[in-house]
Amino acid sequence: MARRRVDAPDNRGGTVADRSGRTWYVRDLRPADTDVLAAYFTLLTPADYANFHPHPLDRETAERLTAEVSSGGACRCLLLPDRDGAGGALGYGFLDDWAQAEPSLGMSLAPAARGRGLGIAFTGYLVDRAAAAGKTAVRLCVYRDNVPAYRSYTAAGFREVDSHLEAWGGRERDEVGMRCTLRPGR
Ligand SMILES: CC(C)(COP(=O)(O)OP(=O)(O)OC[C@H]1O[C@@H](n2cnc3c(N)ncnc32)[C@H](O)[C@@H]1OP(=O)(O)O)[C@@H](O)C(=O)NCCC(=O)NCCS
């Protein structure tokens, strides 16, 4: 699996490497990131939204999420192609229920960042982030037919715990609940 690094918790960031060895940067969402997050949401297609709909992907939501950064309810991260953020965000991931022992993970990449192993690496970064905060496990839900996501999560250590038919957007799909158990010092 691609190498990755979570900096000391007070740095609120780190790096991941894609399959070619290129370094990408991850940092926590900041209150000033409304434009960055709103611009990122515009990169996702309706087909992406059908797979990834934890909340609306619009500017109003970007405003709400950046305003809530210090609430402690979630750990939200941006994936950046360069350290200074000049290229905008090409990925967005989060650990919701952050106050709980088992937060729930969500993650997406801009189309331009896909197919490089970053789905696996970014998932791994978020899992490491939960482990560094002393969490005991991470949970998530994924549609079974979302193959890149399912494979990313399996490669990062998630295993199926249950599944059910979920109705969303006018169709029913098999939605899988997954869990990754964390060991101290992972
Ligand atoms: C899910 C997502 C982050 C995965 O990132 P990615 O860059 O596409 O995937 P990666 O390059 O890291 O590859 C992950 C795995 O999926 C496989 N994969 C990637 N694209 C694939 C495709 N179109 N068909 C089949 N397998 C595919 C890769 O081969 C790899 O598996 P492997 O390690 O066994 O070879 C990205 O596709 C995305 O943002 N999708 C839209 C939002 C979304 O669905 N989020 C998840 C919601 S639960």
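**Note on the hairpin, the helix pair and the ligand shell**

1. Ala17 stands opposite Thr23 in E3. The model is a predicted one, in which local features need pLDDT of at least 70 and side-chain atom pairs count only at pLDDT 80 or more, while totals for chains, interfaces and linings use all residues. Residue numbers start from 1 along each chain as its sequence is written.

2. Strand E2 (residues 13-17) pairs with strand E3 (residues 23-28) in the antiparallel sense over five bridges. Strands pair here if DSSP finds at least two bridges between them; helices (H or I, at least four residues) and strands (E, at least two) are DSSP runs, numbered from the N terminus. E2 and E3 form a hairpin with five residues between them, and Gly21 in the turn has a positive phi of about 95 degrees.

3. Of the 21 residues around the ligand, those that come nearest are Asn51, Arg114, Gly119, Pro148 and Arg151; a residue is near if its C-beta atom, placed from the backbone, lies within 6 Å. Two or more residues are given to this shell by each of helix H2 (46-51), strand E6 (104-109), helix H4 (118-132) and helix H5 (147-155). H5 supplies the largest share, six residues.

4. In H4, Gly119, Ile120 and Thr123 meet Pro148, Ala149, Ser152, Tyr153 and Ala155 in H5, where contact requires C-beta atoms, placed from the backbone, within 7 Å.

Definitions and conventions
Two residues are in contact if their C-beta atoms, placed from the backbone, lie within 7 Å.
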